[in-house]
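Hi,

Here is the structure I promised to pass on.

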Amino acid sequence: MRKVVPGVLGSFAHIDAAAEAIRTLRAQGHRDLTVYSACAQHEIEAALEQKVSPVRVFTLIGGVIGCASGLAMTFWMSLDWPLLVGGKPIATVPPYVVIMFELTVLFGSLITVAAVAGLSLLKPTTGMAYDESFTDDKIGVFVACRPDLQAAVEKILSGAGSVEVRRAA
Amino acid sequence: MATTLYEPPATQTHAEVTRDVLATLQAPGRGYYYLLGGALFALSIGLVTFIILLKDGLGHAGYNPPVMWSVYITTFVFWVGIGHAGTLISAILFLFRSPWRTAVYRSTEAMTVFAVMTAGLFPIIHIGRQWVFYWLIPYPNQRYIWPNFKSPLIWDVFAISTYLTVSTTFLVFGLVPDVAAVRDKVRGWRKKVYGMMSFGWKGTDQQWRHYSRAYLYLAAMATPLVLSVHSTVSWDFAMGLVPGWHGTIFAPYFVAGAIYSGVGMVFTLVIPLRKVLHLEHMITDYHFDNLAKLTLLVGTILFYSYSMEYFVSWYSGNTFEQTTYFRRAFGPQWWGGWTMIICNALLSQLLWFKKIRTNLTSLFVLSIFINIGMWFERWVIIESSLSNEFNPWAWGILNPTWADWGILIGSFGWFSMYFLLFFKTFPIVAIQEIKETIPMPRRREAH
Amino acid sequence: MSDETPKTIDRRKFLTVVGVTGAGAVALSGCSTERVEKLVPYLVQSEDQVPGIPVYYASTCTECAAGCGLHVKTREARAIKLEGNPEHPVNAGTLCARGQAGLQGLYNPDRLAGPMQKDGLGWKSISWDDAIALLASKLAAAGGKVAVLSGAGRGTFDDLLGDWTRGLGGTVVRYQPFDHEPLRLAHQKVFGVDQLPYHDFARAKHIVSFGADFLETWLAPTEQQRGFAESHGFASGTAARHVFIGPRMSLTGMNADEWQAVTPGSEAVLALGMANVILAERSGAPADANGLRATLAPYTPEKAGQAAGIQPAVVQRLAREFASAKPSLAVAGGVNGQHREALELCAAVDLLNYVAGNVGQTVVFGADLAHGDGYAAVEALFARMDQGQVAVALVHEANPLYALPKAGNFAARFAKVPFKVSTALWLDETADACDLILPNLHALERWDDLRPRAGVTGLLQPAMEPVFAGRHTGDVLLQVSKKLGGALGKLSAAPDFKTHLEEAWAQVARKRGHPDAVGFWRDALQHGGLYDPRPTQSVRLAPGARSVSAKGATLDGDGAYVLLPAAGSMLSDGRGANRPWLLEMSDPVTKITWNSWVEVHPDTAQALDVREGEILRLTSPHGTIDAPVYVYAGVIPGALSVPLGWGHTTFGRYASGRGVNALDLIGATDGNGYLPYLSTRVSAVKTGAYRQVAKTEGSNRQLGRGIADAMPLAAARQGLTLKEAYAAAGHPEPHDNPANEVKAIEGFRESVLKKQEHGGYAEAHPKWGMVVDLDKCTGCSACVTACYAENNIPTVGEDDILKGREMTWMRIERYYEGGSDGEPLETRFVPMLCQQCDNAPCEPVCPVYASYHTVDGLNGQVYNRCVGTRYCSNNCPFKVRYFNWYAYAKRAFPEPLNWQLNPDVTVRARGVMEKCTFCVQRIRGAQHEALRQGRALKDGDVVTACQQACPSGAIVFGDVKDPASKVVHAAAASSRGYHVFDELNVRSSITYLAKVTRPVEG
């Protein structure tokens, strides 16, 4: 029996209604909002005043790691087993640039994806009220709050034009 | 300015989008199974051929020294090339914010992944001792022997494997919200399966916040990758001193060729797909028109490259180069050279006409020629360059055999199998991105 | 092990040991005919069998009458390679392709396992005792009606055979297919001496060959090639001129500076014409030559020219050039020119040599080269068989039923002999027609001796235990005579032939006043025989000389084309036809492998509307053959040439049914004492059938790419470099990079060299290099065979050669120059092997370092690291890397051919790239040896297989860092040096010395 997060879930058919609801809630001091939507909605982001995701930092780190490991691997392996080919230097940068580049991209991408997974875990959605229509055509706004505040929240949501409001005990 | 170009698809509401796209996942008809069966049969032909090659040696294939590479490498480059259109459309056009990509990018991305998966087999099939292909990978071993990073073939190993990984990641990443959408519509065991595949996606604001950002950077990573991978493939040739390979023009020339062939394959796949899956209102003439313009662009670049190759070989005054290009056009296998020039350089110019750009039949027919032409381009680059190199005594003509065609057929089977399975399992049109392009209903008109 | 006997490694010492314990070695060596499944160490370590160390046995080659000296290289008591005996006067350490292929006779998979008796149409094997008993009984019943046909050369065995047959009251006919009867008969006519003289090519300053292929099958090819290289090769100074006169340009003709394509059969008239000119102009003819005036007078330049189809002026020029060079040498005879006037031709050439004062100078009598009894005797023998005067016939080392034309009906006549015995090692045409086969031991398995010419006696000793259960025919003779008893029983006291041989040599020792017979024998054994100075005998004109006359040879039939049967330098008279090496070895002239062909002049081809590979049907009064066309400008328009030696009906898996036998077209009529090969006209019809010829050539034109480069004699004499020579001639130099480019490259290279000094590359090592003198190379392909033998190169067969998959690590590229619009056809040979480039294009492209640069500058190839991407081959400008498409080694060496494999060299698996590495196994061997002896490696320690075999001495190998080395000298001594594809800056380690062309002056 997994624990249910107490709160109120309102679902909206209209984007401006959802945005308005969010603004009102935030104005009234409700900070713990979770907004479901079928696709990224700039209006919602604006209403939530989201900051830019830090994911790009991880992309950078990944890229740097990749590039460095490419350089290290090629040079170490060449010098560890020095064999002369085609009268070229034993270890030399130009041909190794390709390897370095590929590893930059590889690590960059993989670490970016890993970052998304990790960052999403920071705010788990388990136990939050959810409705399947949110991946279809509705926008859901879940307000986590003590049962005694739920009445007020319901009022705001339906006031903003929620098509359906539901309590999560 | 992208917005000015943009006409919204005929579908009006988000609900309809979900409905229409999910409709494509309904149980397939008999025709689908025929196709799948055909693909599997082709694949089995390839498998049998490969087993024979493993048993006896590469001798069965039509290798005629000095032509030491032949149909396998040709087909390898062909498939890698196909792959590029996908990433181009999904990543580069994403960065350029050209909205017309949304309707087609999922299918092209899938095409990319499967094409690269197919291509990846060929270097293994074509080497003399297939069972030790892993020696090309710098894996730790107690003997401390490593691969030669100066070899373009090692660059290739890195480029192709990176490309496969990244494009797969990109595809899966883009699929997550859509799979979630499917999950929320289906029932029973399928719900469980899609549930697992959606990685607990609920579309919360936080998820979207990181997701859209990450998608942007993935695109930013994939973009140079597209350009680099086929450049690397081109260096597999250009790093050699073989007349006909040893050209600085090769990297851009190959990238253009790759995109050309890729878009060609997109037409070949998407035009029928659109019909079968009734996506006419989502993938419209408008999309094909734009794709065709892209084809025209790269086709023209190819035209230029071909002309340059011939011009430079003549202008260089280098007898080896001159002989190679003369024999490419008038040698014993002249037909290859001309097929490539007609199908790629000349036929692409037809796309100047809007009639042809917007007529699906003509586009489909053209796309077939494009595929053929691009396969021949690689064939010509390999055959006509190797068969008459520096030492006239060692000249020889390439004659492919059943073993070559067997593997070629098999590769098409392998590719088609994956593609067929894919579009009946996953949304072939990116639901969430389409939705982004459709404004949600508002209570009051926006002011 | 080797430390206990430090000196045994030295080859000479080894021979000593071997000489002493020769027999013992063979007895002890643990080598059997069963496949060895396990590696078992010797229980009793024989003192000369050090595992991993080769043992060399001196022996003698029996592949042709020349009798070259051999060193048989054995490893763990198995012969693995045949090399020339440096002490032997005939071949002086070199060995031709055919000689080396003797090994594939020893290990031939089609050798008979034991005695066989005809059983109905098939054969059943019987025991040796029964076989000998059977033979004895038949002989006893024969009542003297015994005939022996023997191809064995002169020697102790031959003597024994003679005595034995005489003891039986029978007769011996000594038989050689290419027997040079015309030459011998001519000498008898002109000088009254019935012998084959010695021709000193080395001393000749001007050589004229009237169709004599002295580089292929004529007399002693290796010796003649060595002499030719010495006199003709520019390096040695003389730079003799070589004129070839004949309707077809054979390999010898290709090596001529001038080819006079004359009407077939007209050579004699031409020779007389030349002699006439010389005599008339009194250019140094001996006094008694005046007696010839009357004889020669009728042959005016006009008449000679008209007969031969050349300008009278040319006749005079040829004559003057010939006379002015002193000494010069004219040679004639040989199969290619053996027409009905061959005798007159040889006689005419004798006169020519005589009036030019060459007799006694370059034509030396007294050597008395070995020969058979001639075709007349063979004819007579078969006539007697026909008349039923032969009850028992013994055929030894001969295959007349193949080598004599079908028209002669020899098979039917042979069949009339009630009991026919053969000693053949394999089921050849004659053996197949016999009733009993008593397989002899192979020459490398038996005791024997040979006298190829006066003053040279070569010894044969077993190099290993017999591969199959054959028995020495000498032993058979002795055993039979013992059985028969009587006078014959006293033939020899010796229990076996070896003892008999030793006794014979003991007599020789006694004759020479040598006190210690055993020591004498051992000494001879160690050195491979006895070599005395060549006896000379001065000759004068015999009365017959005055009666020499010629009018042009007559031909049978009325076909449109003259048939020119050509003696091939690989298959020779056909005895080589079951040796994969010789079949895969592309013919030096046409570069065709594995099948016969018909050479057609381009104009003729146009007239007949045939292209290469289209099958022509040739019909003569005597027969018909079908053969694929090879278009060749080296044969005159009026003639078609077909190679001899092909078209065996039985003989073995490789030879049977392969190609067609040109002899089927010629008549058997005795052209007074010899078989006139060139004696028929044929008609040619296009059949419409097609059979692609398996050539190893891609393009036979080098398109001015300077691969086989050359400069005129004048330029070479002035010591001009190629660049200067081209400038002087007003041509652009083929490989030429702009100076600034070269400078830039140099600068770059300096900077790179520093960055290469890691690990072993930082230390001092030799740098191996090679010099190939194209003015000495005759394209004979001995080096190629040597390479096959040394490096376990598999033969791939006709089908794969058609796909261009031959594995010739070393190949001879044959390029044509001119030949069209009036220009003379010039041929250039260039031995092409891995150039071991410093900037090797093949190395950097290998993803796994299978191809890399060794510290001593070799372009190493690590077979067990190679994954087979084949990029290295694509990137090799010389195309000298070879890919193993199937498990070739498995197909190429059926038991026991695989016994010949060299244990020092990997037998490559399928799917890897193979290539020449300058015989790296020999290099390392020499280095280890030097190390073990605690000395530095010295020049000449390392000899590559190709260098060792080359009869011309065209290849020099060594350390280019050693200023004293021969290779450095060879390169420095000549201005003709160049690198192929130098403009690619691959920095190859092989310097070619440009061929020197000698255009016709005036």
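Some housekeeping before I go on. This is a predicted model, in which local features need pLDDT of at least 70 and side-chain atom pairs count only at pLDDT 80 or more, while totals for chains, interfaces and linings use all residues. Residues are numbered from 1 along each chain as its sequence is written, chains are lettered from A and ligands numbered from 1 in the order in which they are written, and side-chain values use heavy atoms, with hydrogens and water left out.

Back to the interface. Chain B puts 53 residues into the contact and chain C 57, contact meaning heavy atoms within 4.5 Å. There is one salt bridge between the two chains (a side-chain nitrogen of Lys or Arg within 4 Å of a carboxyl oxygen of Asp or Glu). Lys879(C) and Glu389(B) form a salt bridge, with their closest N and O atoms 2.7 Å apart. On the chain B side, the residues touching chain C split into 33 nonpolar, 14 polar and six charged. For that count, Ala, Val, Leu, Ile, Met, Phe, Trp, Tyr, Cys and Pro are nonpolar, Asp, Glu, Lys and Arg are charged, and the others, Gly among them, are polar.

Now the inside. The largest nonpolar core has 309 residues, and Tyr72(B), Phe918(C) and Tyr992(C) have the most contacts inside it. (Such a core is a set of buried Ala, Val, Leu, Ile, Met, Phe, Trp, Tyr and Cys residues joined through side-chain atoms within 4.5 Å; buried means under 20% relative accessible area, with a 1.4 Å probe and protein chains only.) Apart from it lies another core of 71 residues, including Phe201(C) and Leu352(C). Beyond four places in sequence, Phe918(C) is in contact with residues including Trp768(C), Leu833(C) and Phe957(C).

Thr74(C) counts as buried because its relative accessibility is 0%. Leaving out residues up to four places away in sequence, Thr74(C) touches Ile53(C), Tyr57(C) and Ala463(C), among others.

Cheers

Terms used
Buried < 20%, exposed > 50% of the residue type's maximum accessible area, 1.4 Å probe, protein only.
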